[in-house]
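Dear colleague,

I am passing this structure on to you, and I would be glad if you could look through it before reading my notes below.

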Amino acid sequence: MITFIPLYAFTRKVPVYESFVEGAKDGFGTAIAIIPHLVGMLVAISVFRASGALDFLMGFISPALRGLGVPPEVLPLGLLRPLTGTGSLAYTTDLIRVHGPDSLIGMIASTIQGSTDTTLYVLTVYFGAVGVRNGRYALKVGLFSDVVGFVAAIAVCLLLFG
């Protein structure tokens with residue numbers, strides 16, 4: 001790929017370096033446009049965690065999860081993953097550090113991390129940067145996909161390792 005693209009562009013007489021620089025200029029403008037959306041998302045996540053809402057939700061749902069054989073420690077990951085990739089990765093890293101990479105919790109956390117996406121982050125930052133105003137269908141499909149990925153990750157790990 002590294003050699004094919006410049007060679008292909010050369011045969012088409014495309015100014016490769018100039019095209020790259022022009023794209024980099026556009027990328028810089030996009031990065032600047034993303035900053036307000038990114039700050040808003042990070043503030044919302046911080047407020048959710050600092051307000052105690054996450055702890056309240058954990059206390060409410062933990063008994064039901066234990067009854068199903070699901071470690072309740074993975075629930076915050078399911079809530080964080082659609083919001084923030086970095087926050088969910090930090091939480092996954094902490095779970096693996098505390099419980100170990102070969103534990104059921106470590107395997108479920110790793111599988112959730114790999115099978116879900118940062119839906120709200122993507123919609124907020126990228127849709128906001130390009131000016132998409134009506135993303136409700138994308139939100140529904142993205143969050144549904146995250147729930148399916150979360151449940152499937154738990155089910156597969158319980159089936160294979162539980």
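**What was found**

Asp94 is partly exposed, with a relative accessible area of 31%. Please keep in mind, as you read on, that this is a predicted model.

The partner of Asp94 is Arg97, with which Asp94 forms a salt bridge whose closest N and O atoms are 2.4 Å apart. Arg97 is exposed, at a relative accessible area of 61%. Both residues belong to helix H5, which runs over residues 85–99, and because they are three residues apart in that helix, about one helical turn separates them. How many salt bridges does the rule used here give? The count comes to one.

Turning to the annotations, the unreviewed UniProt entry places a "transmembrane region" at residues 28–48 and another at residues 141–161. In the model, residues 28–48 are 100% helix and 0% strand, and the C-alpha atoms at the two ends of this span are 30 Å apart. Residues 141–161 are likewise 100% helix and 0% strand, with their end C-alpha atoms lying 29 Å apart.

The unreviewed UniProt entry also carries the annotation "domain: Nucleoside transporter/FeoB GTPase Gate", which covers residues 32–131. Over residues 32–131 the chain is 79% helix and 0% strand, and the C-alpha atoms at the ends of this stretch are 14 Å apart.

Methods. Residues are numbered from 1 along each chain as its sequence is written. This is a predicted model: local features need pLDDT of at least 70, side-chain atom pairs count only at pLDDT 80 or more; totals for chains, interfaces and linings use all residues. Side-chain values use heavy atoms; hydrogens and water are left out. UniProt positions are given in the numbering used here, feature names are shortened, and annotations may be inferred rather than shown by experiment. Helices (H or I, at least four residues) and strands (E, at least two) are DSSP runs, numbered from the N terminus. A salt bridge is a side-chain nitrogen of Lys or Arg within 4 Å of a carboxyl oxygen of Asp or Glu. Buried means under 20% relative accessible area, exposed over 50%, partly exposed in between (1.4 Å probe, protein chains only).
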